[in-house]
Amino acid sequence: MNNNHPADSDFEDLYENAPCGYLSVRPDGRIDRANRTLADWIGYPPDDLPGMRLSDLLNMAGRIFLETHVAPLLRMQGFFDEFAIDLLTKTGTRLPAIANARERRTDADALLFTRLTIMRATDRRRYERGLIDARKESDELKTALEERLRQERENAELREQFIAVLGHDLRNPLASIAAGARLMLKTKTPEDALRLEAMMQSSVGRMAKMIESVMDLARGRLGGGISVSKAITAIEPVLDQVVAELSAAHPERGIETHFELETPVFCDPARVAQLFSNLLGNAISHGAPDLPVRVEASAKAEMFELSVANAGAAIPEEARKRLFQPFYRGKAHGPAQGLGLGLYIAAEIAKAHGGSIDVASSEAETRFTFRMPLEGALRP
Amino acid sequence: MSVEFRNNVQVRGRGERAMMFAHGFGCDQNMWRFVAPAFEADFATVLFDHVGAGRSDLTAYDRGKYSTLSGYADDVVEIGRSLRLKDAVFVGHSVSAMIGVLAAIKDPTLFERLVLVGPSARYIDDGDYVGGFSAQQIEELLSFLEENHMGWSAQMAPAIMGNPERPELGEELTNSFCRTDPAIAKEFARVTFLSDNRADLAKVKARTLILQCSEDIIAGQQVGAYVQRNIPNSKMVVLKATGHCPNLSAPDEVVAAIRDFV
């Protein structure tokens, strides 16, 4: 054997040229000794390392981790294994590594130094970083998928209701038109024919309204929201028109109005009329028949506010939450009632105007209030 | 659910006065294992884990509440009230120094004295103020922490259980050293290192001792001196101990300094 070659039992050589880095740190945090392997990896002459602080070889994240995690655990359990650490090379590049650390203490428990074994782990650390990123990505994907699934379920449910409602509710006026047509053949007098024609017209009107509502639902829920085309509108005649229409349809019911409309409103007049008509129609159908429906509207400062109030039984708390959902109908609905889309559509119209509809209901009154901000809305 | 259970509150010792110890980011009440026992003869010592750390009730973790140090300070106040503390001593390490400052402001009757170990009112540099860190370094830290929490629960338990060097760390400590849910640890790190409590310092009424380490890279001398200058009735003692955790590396020096003060 050639004497110039180190023997396998030469521990000095094993230390210096081990396949891992060795580092001993004194209690004051300064490096006591480092082996040649480590010095080579981080590009320092071996003699430069003793005396440097361990933290000089770390970036800020590593230093904080060392102080807040490694040092406390070392003191408490005497070792800390398998932690990731980035060493800074002399040129400032990063050497990703995995380290184990172990304290060496005297018999009297005084700390002599802390030994670190360092394994270069560039590929492994990159792989682990990839795993973390992949896990994050898959978590995000999972959340997105769950949300998508929830939406799809909701849409499917809506579609089912949609079909059921079309099948059920359109059949009644259709049957009445068919019956009218059959009877028409048997009419003896023009008066009878006119009466039948009026009845059939009213059924056609109901069907048209249902189809319109269903179209709005489709646009609002399954498309990108209810469409509005806004213009600066003198709102009072719009409201008066709706009141006049519903008064004509329900001459027996009193409607009291109180308007303070100081400024025009930037809105879609046809849609606001539709919203108002839905609220007023509901108040007339569900309110106490012997007491008037009260309408208040104000447009001033920064808010357009329109409220419709009726007397009668309060809406139960449970029902209040579901009022604005499509196809929601109160318990006591007769054959002449709508599809349960009125409030849903009204709320969608409010939303399209940057506003909202609130409901307050007590034994004294039930009040629906539409509010939309004026300042932003008035700016075309 | 009781406050004691939520924060794993441990009361030991004898004495009329109470001394409450609060741990910082990265560990749990074990941080005080070499300091708190020294006061058990004269004080009722109160130790606890912040929610998310150690053996606290992880189900009590509320992202909203704990997105500010004020949420953690509310817990300290609740613990204090639940134990009917009055004119007690509060000893807070690292981020818990500021949590104690906030708690003492919220309820001035609880603590008559504060001991702030390695405090910083703000870690990130801001104009003329030197906190020691840049915002980017803190972001790096948050990302780096993830890489060190890869197998946290699977890895920590056996490492402590099969501990050959320190058999005195018995079964009861299994899994309890500095155990933190990684997601919570990351949020706690964010709250800790992004907080700014400089404006709160002047509101402290309690007498305050600042224990400052030599060569602390997390809270340097200038940071401790800033806290001292801005808390009205305060003094600073610079310890010979280096690093950020003198309560572990130089417990005797810490005990002596606290004893002098109380």
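This is a predicted model: local features need pLDDT of at least 70, side-chain atom pairs count only at pLDDT 80 or more; totals for chains, interfaces and linings use all residues.

1. Across the interface of chain A and chain B, six residue pairs are in polar contact, with both residues at pLDDT 80 or more. A polar contact here is a pair of N or O atoms within 3.5 Å; within protein, one must be able to donate a hydrogen and the other to accept it, and residues adjacent in sequence count only if both atoms are side-chain atoms. On the side of chain A that touches chain B, the elements giving two or more residues are α3 (60–77), β3 (79–88), β4 (94–105) and α4 (122–169) of chain A. The biggest giver is α3(A), with 14 residues. By type, that side of chain A has 14 nonpolar, five polar and 19 charged residues.

2. Residues are numbered from 1 along each chain as its sequence is written, chains are lettered from A and ligands numbered from 1 in the order in which they are written, and side-chain values use heavy atoms, with hydrogens and water left out.

3. How many salt bridges does the rule find between chain A and chain B? It finds three, taking a side-chain nitrogen of Lys or Arg within 4 Å of a carboxyl oxygen of Asp or Glu. One salt bridge pairs Arg53(A) with Glu215(B), with 3.0 Å between the closest N and O atoms.

4. The contact (heavy atoms within 4.5 Å) takes 38 residues from chain A and 40 residues from chain B. About 3300 Å² is buried between the two chains, 61% of it from carbon and sulfur atoms. Buried area means the accessible area (1.4 Å probe) that two parts lose on being put together, summed over both.

5. Chain A has an open, antiparallel sheet of five strands, ordered β2-β1-β5-β4-β3. Its edges are β2 (31–34) and β3 of chain A, each with a single partner strand, so one side of each lacks a neighbour in the sheet. Strands and helices are DSSP runs numbered from the N terminus (strands E, at least two residues; helices H or I, at least four), and two strands pair if DSSP finds at least two bridges between them. Inside the sheet, five bridges join β1 (residues 21–25) to β5 (residues 111–120) of chain A, and Ser24(A) stands opposite Arg115(A).

6. Back to α3(A): this helix lies across β3, β4 and β5 of chain A, at about 160° to β3(A). Axes are lines fitted to C-alpha atoms, for helices over the stretch in contact, and angles run from 0 to 180 degrees between N-to-C directions.

7. Further along chain A, β9 (residues 293–300) runs parallel to β7 (residues 255–261), joined by seven bridges. β9(A) also pairs antiparallel with β10 (residues 303–310) of chain A over seven bridges, where Val295(A) stands opposite Val308(A). In that hairpin, with two residues between the strands, Ala301(A) takes a positive phi near 50°.

8. Chain B has an open sheet of seven strands with mixed pairing, in the order β1-β3-β2-β4-β5-β6-β7. The twist averages 20° from one strand to the next. Parallel strands β2 (residues 18–22) and β4 (residues 88–93) of chain B share four bridges, and Phe21(B) has Val91(B) as its bridge partner.

Conventions
Ala, Val, Leu, Ile, Met, Phe, Trp, Tyr, Cys and Pro count as nonpolar, Asp, Glu, Lys and Arg as charged, and the others, Gly among them, as polar.
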